[in-house]
Amino acid sequence: RRLTKLQQPVILASNELAWTEEFLDHVRRNGGITNAPTRYRHEEVKNALRTELHDKCAYCEGKISHVSFPHIEHIFSKSKVPELVVRWDNLTLACQICNQKKGDYYDQGAPLVHPYNGDPETEIGFVGPMARSDGHGAGYRTIVKCDLNRGELVLA
């Protein structure tokens with residue numbers, strides 16, 4: 001299902017520009033994101049995302065607290081699009097498995113289904129518990145990349 005963004009947390013609205021510049025400065029000085037500041041993990045940001053997603057993963061919709069700790073997920077990878085590192089509309093929650101499987105995937109020409117701006121309900125369908133798509137496009141890439149037919153999800 002398509003998700004709806006709630007209001008940006010005050011801490012993020014107040015610090016977005018400074019935190020973005022801090023991150024970009026680190027990338028410039030160090031040639032990458034290794035050991036970069038993780039201000040986006042602020043508890044106020046995480047709590048707002050938990051509320052927004054009802055503690056569910058933006059990709060598989062599994063209840064995160066049942067299986068792991070929530071991961072703050074960058075819809076557009078922070079390593080590929082670092083200027084969006086703390087943009088509220090680029091942050092969501094993912095379960096550990098979806099986050100790890102998606103990794104730093106970002107391809108403007110072959111995107112995954114965007115959980116807020118995309119249309120997951122038309123891109124991904126279900127036959128029983130199995131996620132299905134038309135065999136190409138964003139729905140197919142999302143199913144494959146996030147492994148949405150992994151055994152644990154199918155059984156759940």
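Let me begin with Glu52, which counts as buried at 7% relative accessibility, where buried means under 20% relative accessible area, exposed means over 50%, and partly exposed lies in between, using a 1.4 Å probe and protein chains only. This is a predicted model, in which local features need pLDDT of at least 70 and side-chain atom pairs count only at pLDDT 80 or more, while totals for chains, interfaces and linings use all residues. Residues are numbered from 1 along each chain as its sequence is written, and side-chain values use heavy atoms, with hydrogens and water left out.

Which residue forms a salt bridge with Glu52? The partner is Lys5, and the closest N and O atoms of the two are 3.1 Å apart; a salt bridge here is a side-chain nitrogen of Lys or Arg within 4 Å of a carboxyl oxygen of Asp or Glu. The pair links distant parts of the chain, 47 residues apart, with Lys5 in the segment before helix 1 and Glu52 in helix 2. Helices (H or I, at least four residues) and strands (E, at least two) are DSSP runs, numbered from the N terminus. Lys5 is partly exposed, with a relative accessible area of 24%, whereas Glu52 is buried.

The structure holds twelve salt bridges, and I will mention some others. Arg50 and Glu43 meet through their side chains at 3.6 Å, N to O, with Arg50 partly exposed at 28% and Glu43 partly exposed at 44% relative accessibility. Glu152 forms a salt bridge with Arg150, at 3.7 Å between the closest N and O atoms, and Arg150 is buried, with a relative accessible area of 6%. Salt bridges that share partners also join Glu16, Arg87 and Asp89 into one network.

Now to the pockets. Rolling a probe the size of a water molecule over the atoms shows where empty space is left. On a 1 Å grid over the protein atoms alone, a pocket is an open set of points with protein on both sides within 12 Å along at least five of seven lines, and lining residues have an atom within 4 Å of a point. The largest pocket has a volume of about 650 Å³, a volume being the space filled by probe spheres set on the points, which are joined across faces, edges and corners. Of the 27 residues that line this largest pocket, the closest to its centre are Tyr59, Cys60, Glu61, Gly62 and Leu153. Helix 7 gives the most to the lining of the largest pocket, with three residues.

The second largest pocket holds about 290 Å³ of space, and among its 16 lining residues Tyr40, Ile72, His74, Lys78 and Asn99 are the closest to its centre. Strand 1 gives the most to the lining of the second largest pocket, with four residues.

Finally, I come to the backbone, where phi of Asn35 is near 60°, a positive value in a residue other than glycine. Asn35 sits in the loop between helix 1 (10-30) and helix 2 (43-53), and Asn35 is exposed, with a relative accessible area of 71%. His54, in the loop between helix 2 and helix 3 (64-67), likewise has a positive phi, near 55°, and His54 is exposed at 53%. Just after helix 6, Asp147 takes a positive phi of about 55°.

Notes:
On a 1 Å grid over the protein atoms alone, a cavity is a set of points where a 1.4 Å probe fits but cannot get out, and a pocket is an open set with protein on both sides within 12 Å along at least five of seven lines; lining residues have an atom within 4 Å of a point.
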